[in-house]
Structures are given as structure tokens and as C-alpha cells.
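Please walk me through this structure, step by step.

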Amino acid sequence: MSNPGRESFWSRFRRPDSTLIAFSLIGSTLVIFSFLALATITLTQLADLTFLVRVATDSRVINSIALTFGAGLAVVFILLLFGTPLAYVLARTHSRINSLVEALIDIPLVLPHTVAGIMVYLLFMQRGLLGAPLKDIGIVFEDALPGIVMAMLFVSMPFYVNTVREGFQKVPLHIENVARTLGATRFKAFVLVVIPLSARHILNGSVLAWGRAISEFAAVIMIAYYPMIVSTLIYYRFTTGGLKESSAIAFLMIIASFSVFLVIRIATRYLGSYDDRV
Amino acid sequence: MIEFDRVGLALGEFSLKDISFTVRGGEYFFIIGPSGAGKTIILEAIAGLHVPDTGRILLSGKDVSTIPPEQRGVGLVYQDYSLFPHMTVEKNIAFGLRMHHLPSSEIQRRVEELLSRFGIFHLRSRETLNLSGGEMQRVALARALAIDPQILLLDEPLSALDPGMKEYFIQVLKEIHRDNGLTIIQVSHNRHEILSLGTRMALIMDGRLEQEGSVRQVYASPATREVAEFIGYENVIDGVVVSSGDGECLIDASGLKLRASCTVPAGQGVTFCIGADEVVLHSPQASLSGKDNTVQGMVNAITQSGYLTRVVIDAGATLSAVIVREMADEMALRVGSPVLLTIRKNAIRMIGK
């Protein structure tokens, strides 16, 4: 869909606009920074393809990437299940308690991740408030997948809840009201009207939360150094095997993450395209 | 029948205060009032979207205050139409029928019937976002009527339409009201809509009911100065009754002396209103014997508004008159020029009496 507010990159130069040109030059610093970082690691890795292939076929590396992506998916699943209702309540109610709840959800955004890790560890360790009773039914968090998922969940929930809440707020209350007068219960109106009209926000929230989850390191190692997620593995290889080995895994992670993001973006390009028109 | 029985309802800073009124079955009832007065909240409360904090809402004698909207069978059309943008026209209209679990053949039949009735059959597969205002309005009405409601609530449904479309929809609403035997409650700011469609009306200001009555009654005797001003009386004037008798009195308003039909005793202060279209202008040379009130004045200001000319006259008190533009040109009205004006006795309406 064409957007009259946006100009193509080249049109700026056909009709010079000093502000846009200056902003482009200033902004390009960040783009160059990111590009150089990517180019450096890519060139370094492509210089020794044999080594890269050996690392890429190392079962510990493959398992670690799979574990990281899988734990990230579990986080998204939990957020879809628990974060979506919370986001809806926050979007549709105006209680004084809402600000408090929003502040609680946002806490991980303003904390050093080591602090987030300590909080999750204290809660889920075997003597923790939740860790102890859950251990009794066989769920252990320390150095286990559930610990990884909980640490990732804690740091990624604000990204999901805030994005989805904004999506729900964008759906006019009138549309939901009309659905209800036509015979839909509040839940049906939510499923048939609100969800489809905020699908893109739900997807964006999921992608952001997944990205945030798989990139977590500090919070995860506090509770689960093992099994090693990619960040932990890279750090471990860096301290034991040096830069060459760790940067090969890092490069593979970049390729894998980028591919996943690209596929999601292409596959869902038209999803909820009425989002910005409601 | 819809009854609001001392309904109080707080929503953030705003509240409805102790509102009581009755809408009888089959009426075309208007709720009017300034922006933010609470008109939409009243409609939403009838639809079941707000539960009153105090008082009761009764539909056909049954207290429905806590019954959710999906069980009330009340149709609602908002000013912005609120069509579902992710559904086609056809699916929008079918939505209510699907929610009521009608068989798909019946849904199909009723949707097609409504599409034809509203002249939008050719739009059935279109996305609603690409429709014109008039087309959206038809879809919204068809969707609300699909569930065969007993009550239809319309929240300023014509305000976003151009004048031609407005006239067309006034006729459509008339037909819907007549053919479906519906009780319609419409929120509006527009005098023309109220006078064309309404049987009774209520005026809400700042969450309070100011006046309720038949449209004729409210226009003939507004309860307060605010009501008179809101329903469009441009001349709301304070005066004192100089003499009174035989159902007629002479009022003095800052030197403007007028005879009116009233029973207020001499010496008492009154507030009265006169529609700007009831103040009839004549050239100063005109002979006007036998007219109720003939007053001399001087033109203070002239403004054009489409085909009409608004003339502000100093006649002791300030009076506004509206005449067609051609007539104003013919009379060669200028600021400062003298003018004669006549006002029928019955056009002077006492406020609060």
C-alpha cells in the first residue's frame, strides 16, 4: 500500500530538502556502524569456510541454537497465553491499579539483566518461593530448560505486553461495542473482532519478545548455565577456545536469527493490513 | 417501552445524574444536548454497554440493568458506523445472524434481502473501508436491522453525510421506523432531523435531563434559557410584563415592547424566545397595519450564510432575523439602515411557563 507520508529514498535527492539530507547523513552513522559490524564478522568467517562448516556441523552448536530458539518459542507461547489477556485488560480498563501493573511489567526494561537474573533465581531456585513447591512436583529450574524459559520470559514480557496492549487500544471500542449489541459475548467480540484487528501487533509483540528472549545472556546464566543457550556457549568458547571459535558460533547465530526474522516478515507481510486503518 | 428510572452512572470525570425518562414503544425519540452531555452514554446504557451505578433501566417493564448487550437485542449505529474493517459488506451484515446461530441458508436469505433493501447488493463482496459515507451508513443500518431488533439506537448517524445524502437518509429512517414498527432513539444536534423525524425528545445537559416532551411541546415552550438556546432560538430575551389580561400581556425588554400570549401578571420578570425566522423584516416605508407587533429598528450587522442572510437588529433589545438572500438584496439592507420588523404574538414563546 502506498503511503503518501513516505518518500522514496531517491526522490529526496531530486527535490533537495536540507533537513532530510542532514538527517540522513546523521542517521547513516548508525547504519554504517551496524553494517561494519556485520561486514567484519562476515568477512572474517568467510575467510576460513572449512572452519565455519566444522563449527556449523558441531552437534553441541546445533543443539545450543535449537535450544535457544525452542526456549524462545516457549516464551512466545506463554506470552500469547498469559500476556494477551493481560494486555487486553490493560487496554480496556482505566483503573488506578493499571499504572502499578504496567510499572511491574516494565521493571525488566530498567534493570541490569544480572539483577533480573538474580530476581528470577531467587524466585525459582530450589528453595525459592515458587521453585520449592514446583520442585516437589518434579519441575526443577536450576540448570534446566524451565529456568532458561523463566529468565527469558521475565526479560521479554514488557516487549510483548506493551506492543499488544497498544494494538488492542487501537481497535476502536465502538467496533467492539457494536459486535456485542449484535449478539457476540465479550469473549467472542474479542476473538472475532479485536484479535483480527490487532493481529499485526500480536505478531510484532511475539517477534520482539522472541528476539529479546533468544538474545538474553546474563539473566539466563544466573539460573541455568547449563544446558547452554547460544549466548552462554559463545561466552564459554570465548573464554576457553578464544575469539575464532566463539565468533564462528556468533556468525551462525546471526545467519539463523536473520533468516527466521526474514521468513516471518515475508510470510506475514499482509497479516492484519487493516491494523493501521481501523 | 424503555424506561430510565433515576439512573446514575459515573464514568471517570463524567456522570449521568438521576436521569428519568420514558420512551414508549414505536416512538421516534430524540436525545439532544451539547457535546459531552452524556447522550452517547445513555444510548450505550440502553444497549447494555454500561451498568448503572444507581437506578434501573427497564425494557418492556423488565429490569435489564445488569443484562449484557448480547442478550438485549438492541441495534446500535454509531456516528462513525463502526463497520468491521476485516470483513466484507456481506459478512458485516451477517455477523449478528451468525452470533444468533441462524442456519446458513437463512443467514444468506436475510443478508440478500437487506442488501437489496438498502440498494447495496453490488457492494456485497467489497471491503468496508473503501466505501463512501453513504454506503457505509447503509451497511451499518442493514447490519443493525439484521438481528430484527425491537429498539434501534442511532448515535448522530447523519452528521458525517453531505446534505443530499442526509435528506435521503431522513426518508430511509422514516421508512424503517414505519415499516419495522421500531422504537428508534436517535442522538442528534440537527433541528431539521428532529423536526422531520421525531415524535418526542429529551434534552440532556451536563449529565442532567433538562426537559422531556413531545417535539412540538419542547420547541413551543423550552424549559430553560439553555434549552431554548440549544434548540436553536437565537433570540432569548429578558423582560418585564407591563400589563396583562385576557391571555395576553405587554412585555418591555430594554425598550422593545412586544405583545405576547401569556398569563404572567404585570410587574413580573419573564424570559422569552423568538425564532430568528419569526422576526420578519420589512422596508421602513411598508404599511403594516393589523400586524401583532411592529417594531422599528436599525441594522447592526449582516452576515451571509449560504442562501440565507442573518441580520442583527437593534430594536431596544438586540434581535436576530434570518431572511433569504434575495430578499435581503431587494431590501438593500446596509449596516446602519433603518428597518421595520414584525413579530407574531404566537411566535413569542415564554420560557419555563
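In strand β2 of chain B, Thr22(B) is the bridge partner of Glu3(B). This is a predicted model.

Strand β1(B) has another partner. Residues 2-11 of chain B make up β1, and residues 54-59 make up β4. These two strands also pair in the antiparallel sense, here over five bridges. Look for Phe4(B) in the model: opposite this residue stands Ile57(B) of β4(B).

Now move to chain A and its helices. Helix α3(A) spans residues 49-56, and helix α14(A) spans residues 243-267. They pack at an angle of about 70°, and their axes are 10 Å apart. Angles of 65 to 115 degrees count as roughly perpendicular, so α3(A) is roughly perpendicular to α14(A). From α3(A), the contact takes Phe51(A), Leu52(A), Val55(A) and Ala56(A). From α14(A) come Lys244(A), Glu245(A), Ala248(A), Ile249(A), Phe251(A) and Leu252(A). Eight residues of this contact are nonpolar, two are charged, and no polar residue takes part.

Helix α4(A), residues 59-92, packs on helix α10(A), residues 186-197. The angle is about 95°, and the axes are 13 Å apart. These helices are therefore roughly perpendicular to each other as well. On the α4(A) side, the contact residues are Thr84(A), Tyr88(A) and Arg92(A). They meet Arg186(A), Phe190(A), Val194(A) and Ile195(A) of α10(A). The contact of α4(A) with α10(A) is made of four nonpolar residues, one polar and two charged.

Finally, see how the chains meet. Chain A brings 20 residues to the contact, and chain B brings 27. How much area is buried between chain A and chain B? It is about 2,000 Å², and carbon and sulfur atoms give 68% of it. Within the share that chain A buries against chain B, His174(A), Thr181(A) and Leu182(A) supply 33%, more than any other three residues. One salt bridge is found across the interface of chain A and chain B. Arg180(A) forms a salt bridge with Glu70(B), with the closest N and O atoms 3.7 Å apart.

Technical notes: Residues numbered from 1 in each chain as written. Chains lettered and ligands numbered in written order. Predicted model: local features only at pLDDT ≥ 70, side-chain atom pairs only at ≥ 80, totals over all residues. Heavy atoms only, no water. Pairing = 2+ DSSP bridges. Helix = DSSP H or I, 4+ residues; strand = E, 2+ residues; numbered from the N terminus. Axes fitted to C-alpha atoms, helices over the stretch in contact; angles between N-to-C directions. Parallel < 35°, antiparallel > 145°, perpendicular 65-115°, else oblique. Contact = heavy atoms within 4.5 Å. Nonpolar A, V, L, I, M, F, W, Y, C, P; charged D, E, K, R; others polar. Buried area = accessible area lost by both parts, 1.4 Å probe. Salt bridge = Lys/Arg side-chain N within 4 Å of Asp/Glu carboxyl O.
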